[in-house]
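Good morning, and thank you for coming.

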Amino acid sequence: MQENPMPLSHTARTRWQVMLFALLIALFTPFPTKGETAFALDERGLLTAAPVLERVTPAIVNIATRTETQVSANPLFNDPFFRRFFDLPPGLVPDARNQVRMSAGSGVIVDADEGYVLTNHHVIANASAITVTLKDGRALEAELIGSDPGTDIGLLRIDADGLTEVEIADSDAVLVGDHVMAIGNPFGLGQTVTSGIVSALGRSGISRDGYEDFIQTDASINPGNSGGALVDSRGRLIGINTAILTPAGGNVGIGFAVPSNMAISVMEQLIQHGEVHRGLLGVTIQELTPELVDAMGLENGNRRGVVIASIEPDSPAEEAGLEVGDVVIATDGRPLRNAADLRNRIGMLSVGDELVLSVLRGDESLDLTARIGEQPERTADWIENTALAGLSFREVAGPGGRQALEIDAVAPGSLAAWRGFRVGDIILSVNRQPVRSVEDLRRIVPDGRTTLVVEMLRDSRRMLVIVEG
């Protein structure tokens, strides 16, 4: 008679389960390349990212800012009847006072030798004092090198020994589904790590007023995470956390980060110039719609790219040989997704850079090289006294080749931003009077907060916007 085998104890079964789990991971996980620190089982038999975070988190800092704004004195102070309620001495009228506001955010050390710290523009905008606190507790006064509202990237410098920098990855190589971690200072709690995956790439139209090519993630990002790091499973920086989509002010699993390639491009210009000098191609573009694909008889049913709607005279586009009706499908060998994608790529180039445009023209496929030109000067300060405060423009070739004004910047948090104006909108008329230049706009738009009727072109659609003063 055969005896039944002795049953395994609970401890023995658990040990065998852990060993089997480890064996399965070893069989199905590619062996890490040299220098890679991937997620792995530790001596406890647990899958952990602790070794990665131990190396990366010293490069993530907390940022505290102090902002002073002048608040006007209460107008009732000048009224003899109401003065007695404020218990003011006769003849004394309080002056305007400064209101102090403190806020917190995050940053990433990207150059330990120079002390460069990347963060968001909105974290440090208008700050009178900026303090960076390292993971080891050191609090350092930071110098503002520059910031760019268009990409929401700011650059600080701190002076300290023993800094740790984060390794920077190629954000163009990021794929949907990659495992990522967000590191920052949510709600001022102190350094916090959350994890998730890359949910989508190339997101735009989030803030209406910038150059957007966001990485979307479900890693928890909350207020205070702004300026913090989005890193891959090897601990390399792939993005700067900048925004969340939320109905109630908290995380709902939709967060956005500025790709590292865009952030580093902006940083290099901030180091060199203290601001971003964006280049000019000199075209007006529109989306390649299915109707246009069919009407133009594009080969292979190509449905991605942008159509050249107009070209400015003597512009880099004209010199490169671009023509109205050309379909641009790639730049420097990288396929285009949409019009915003092309605008972002041009916006990240400096004056004098060369850009290779892959173009479909009828049955031909062409590669044209354009040398990026210099943007004209923006609208003067006079516009800040009008109902269009917060906007700046550049003169472009509009519909039918006639000159028009294109919005090239919308100040974050301005009334213009809240009213829905976007970078790339083309102003056709104001109060039924055609607008072809900044001088036209200055002549038509009166000083003060008067109501305006603005006709504009957005993505080939005409629309009216009522701007109440």
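This is a predicted model: local features need pLDDT of at least 70, side-chain atom pairs count only at pLDDT 80 or more; totals for chains, interfaces and linings use all residues.

Which residue in strand 15 is the bridge partner of I244? The partner of I244 in strand 15 is G255.

Strand 14, which covers residues 237-244, runs antiparallel to strand 15, and five bridges join the two. On its other pairing, strand 14 meets strand 13, residues 229-232, again in the antiparallel sense, over three bridges. Within that pairing, V231 has L237 of strand 14 as its bridge partner. Strands 13 and 14 form a hairpin, with four residues between them. In the turn of this hairpin sits G235, whose phi is positive, at about 80°. As for covering, six of the eight residues of strand 14 are buried, so the strand is mostly covered.

The side chains of R236 and D232 meet at 2.9 Å, N to O. How do the two partners compare with the cut-off for burial? D232 counts as buried because its relative accessibility is 11%, under the 20% limit. R236 has a relative accessible area of 22%, and is therefore partly exposed.

I turn next to the aromatic rings. How many aromatic pairs does the structure hold? It holds one. The pair consists of F214 and F256, whose ring centres are 5.8 Å apart; their planes stand at 40°, and the pair is therefore tilted. F214 belongs to strand 12, residues 214-217, while F256 belongs to strand 15, residues 255-259. The two residues are 42 residues apart, and the pair thus links distant parts of the chain. Both F214 and F256 are buried.

Let us now consider charged side chains across the whole structure. In general, side chains of opposite charge can pair when their charged atoms come close. A search of the entire model finds eleven salt bridges, and I shall describe some of them.

One of them joins D136 and R138, with a distance of 3.0 Å from N to O. D136 counts as exposed because its relative accessibility is 52%. R138, with a relative accessible area of 29%, is partly exposed.

Another brings together the side chains of E354 and R371, at 2.7 Å, N to O. E354 is partly exposed, because its relative accessible area is 47%. There is also a network: salt bridges that share partners join E323, D326 and R361.

Finally, I would draw your attention to S358. Where is S358 placed? It is found in strand 21, which covers residues 354-361. Is S358 buried or exposed? At 15% relative accessibility, S358 counts as buried. Leaving aside its neighbours within four places in sequence, S358 is in contact with V327, V328, I329 and A330, and also with L366 and D367.

To close, I return to two points. Thank you for your attention.

Technical notes
Residues are numbered from 1 along each chain as its sequence is written. Side-chain values use heavy atoms; hydrogens and water are left out. Buried means under 20% relative accessible area, exposed over 50%, partly exposed in between (1.4 Å probe, protein chains only). Contact means heavy atoms within 4.5 Å. Rings of Phe, Tyr and Trp (its six-membered ring) pair if their centres lie within 6.5 Å; planes under 30 degrees apart count as stacked, over 60 as edge-to-face and the rest as tilted. A salt bridge is a side-chain nitrogen of Lys or Arg within 4 Å of a carboxyl oxygen of Asp or Glu. Two strands pair if DSSP finds at least two bridges between them.
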